[in-house]
Amino acid sequence: MKSLVLLDKCKIAIEDRRFDETLGDDDVQIKIHSVGICGSDVHYYQHGRIGPFVVETPMVLGHEASGIVIATGKNVNHVKPGDRVCMEPGIPDLISAQTLAGYYNLDPAVRFWATPPVHGCLRESVIHPGAFTFKLPDNVSFSEGAMVEPLAIGMHAATKAGIKPGDTALVIGAGTIGIVTALAALAGGCSDVIICDQFDEKLSVAANYENLHAVNIKGGKLKDKVDKLTAGNGADIIFECSGASSAIAGLAEYAAPGACVILIGMPVDNAPIDIVSAQAKELTFRTIFRYANMYPRTLRLLSSGKLKVSPLISARYKFSQSIKAFDRAAQGRSDDIKIIIEME
């Protein structure tokens, strides 16, 4: 089948590929419709690796996907051929200690699309476990379905934060993950969310949402905005989505006493934390890695209208234009949030 293959660093091509996949009793075969380009896809494209995950043989890219069911195994009853679905891309060992404890995202045996050596979903069709395939509500589009994957990260972060109604949150970083985390925080009960970045183009997208306050961190007015919205007390929750060492080092300045800090962004190098300032405010630090059990609730919120992600789609490309789409994504344009590839 036609597939977008990463052949080498900075070299991708659309090729015909065969895959050693068969439809099992618990599986679903899906014709791919829409795939979002993730930062990890771009990183593999540009560098051929992310940390210990190295692309050593050609690999199909893509893990944020939606499509149409074309066949099901005999044990699959919740979806049928013709249903529109989205797919959770990480498949754990269903009997691992982590999975049985409810933390299947932390199972070291997880097979995650487009993470070496596992092929991704930028191809005509995939076979996927039914347990990780979810029917799209009628009012959720294919593009929105493809965005459930990054949304699930924001939902997982908001859940970990233990939001109380009326909390004020600060989100550092206005990329895809930053904005969807801010939206999840608002849907979860925050009255106001401040989001900061150094690019006005990204902030202008965020500013279109009600109760989402965009601040350019280069202006030196972030503390003023936090103080104004919190009567000088500081943010109840801070979501760090940038992975920037300087941002992580200064988190305590914006936090309320007893605040919760959720670390989402991954620093390239170990980032310093001002431990004494954190202790003086008794901050709680929590981390997240991907998500677990977030797809059903994310789809419910999308269907309800409480999560609106269509404004985050910067461009759509046909599959035949995939190389052009990746070249644009690799530019890191400040006005791009999410690029979608649609199969033809």
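Q: How much space lies in the second largest cavity?
A: About 30 Å³ of space lies in the second largest cavity. A cavity here is a set of points, on a 1 Å grid over the protein atoms alone, where a 1.4 Å probe fits but cannot get out, and lining residues have an atom within 4 Å of a point. Grid points are joined across faces, edges and corners, and the volume is the space filled by probe spheres set on the points.

Q: Before we go on, what sort of model is this?
A: It is a predicted model, where local features need pLDDT of at least 70 and side-chain atom pairs count only at pLDDT 80 or more, while totals for chains, interfaces and linings use all residues. Residues are numbered from 1 along each chain as its sequence is written, and side-chain values use heavy atoms, with hydrogens and water left out.

Q: Thanks! Which residues line that second largest cavity?
A: The lining is Ile-248, Ala-249, Gly-250, Leu-251, Ala-252, Ile-273, Asp-274 and Phe-285. By class, six are nonpolar, one is polar and one is charged. In this scheme Ala, Val, Leu, Ile, Met, Phe, Trp, Tyr, Cys and Pro count as nonpolar, Asp, Glu, Lys and Arg as charged, and the others, Gly among them, as polar.

Q: And how many cavities does the whole structure have at 30 Å³ or more?
A: The search finds two. The largest cavity holds about 60 Å³ of space. Its lining is made of Glu-88, Gly-90, Pro-92, Tyr-104, Asn-105, Val-110, Phe-112, Arg-290 and Tyr-291, which divide into five nonpolar, two polar and two charged residues.

Q: Is Ala-114 buried or exposed?
A: Ala-114 counts as buried because its relative accessibility is 2%. Buried means under 20% relative accessible area, exposed over 50%, and partly exposed in between, using a 1.4 Å probe and protein chains only.

Q: Changing topic: where does Cys-10 sit?
A: Cys-10 lies in the loop between strand 1 and strand 2. Its phi is positive too, about 65°, although it is not a glycine. Leaving out residues up to four places away in sequence, Cys-10 touches Tyr-45 and Gln-46, where contact means heavy atoms within 4.5 Å.

Q: What order do the strands take in the open sheet of three?
A: The order is 2-1-6, with antiparallel pairing. Strand 2 and strand 6 (59–60) are at the edges with a single partner strand each, so one side of each has no neighbour in the sheet. Strands 1 and 6 are joined by two bridges, and Val-5 has Val-60 in strand 6 as its bridge partner. Two strands pair if DSSP finds at least two bridges between them.

Q: Last one: which residues of helix 11 are buried?
A: In helix 11 (residues 322–331), they are Ser-322, Ala-325, Phe-326, Arg-328 and Ala-329. Seen down the helix axis, these fall within an arc of 160°, so they line one face of helix 11; the arc is that of the directions from the axis to the C-beta atoms. What covers them includes strand 1 (2–8), strand 2 (11–16) and helix 1 (39–47). The face turned away carries the exposed residues Lys-324 and Gln-331.

Methods:
Helices (H or I, at least four residues) and strands (E, at least two) are DSSP runs, numbered from the N terminus. On a 1 Å grid over the protein atoms alone, a cavity is a set of points where a 1.4 Å probe fits but cannot get out, and a pocket is an open set with protein on both sides within 12 Å along at least five of seven lines; lining residues have an atom within 4 Å of a point.
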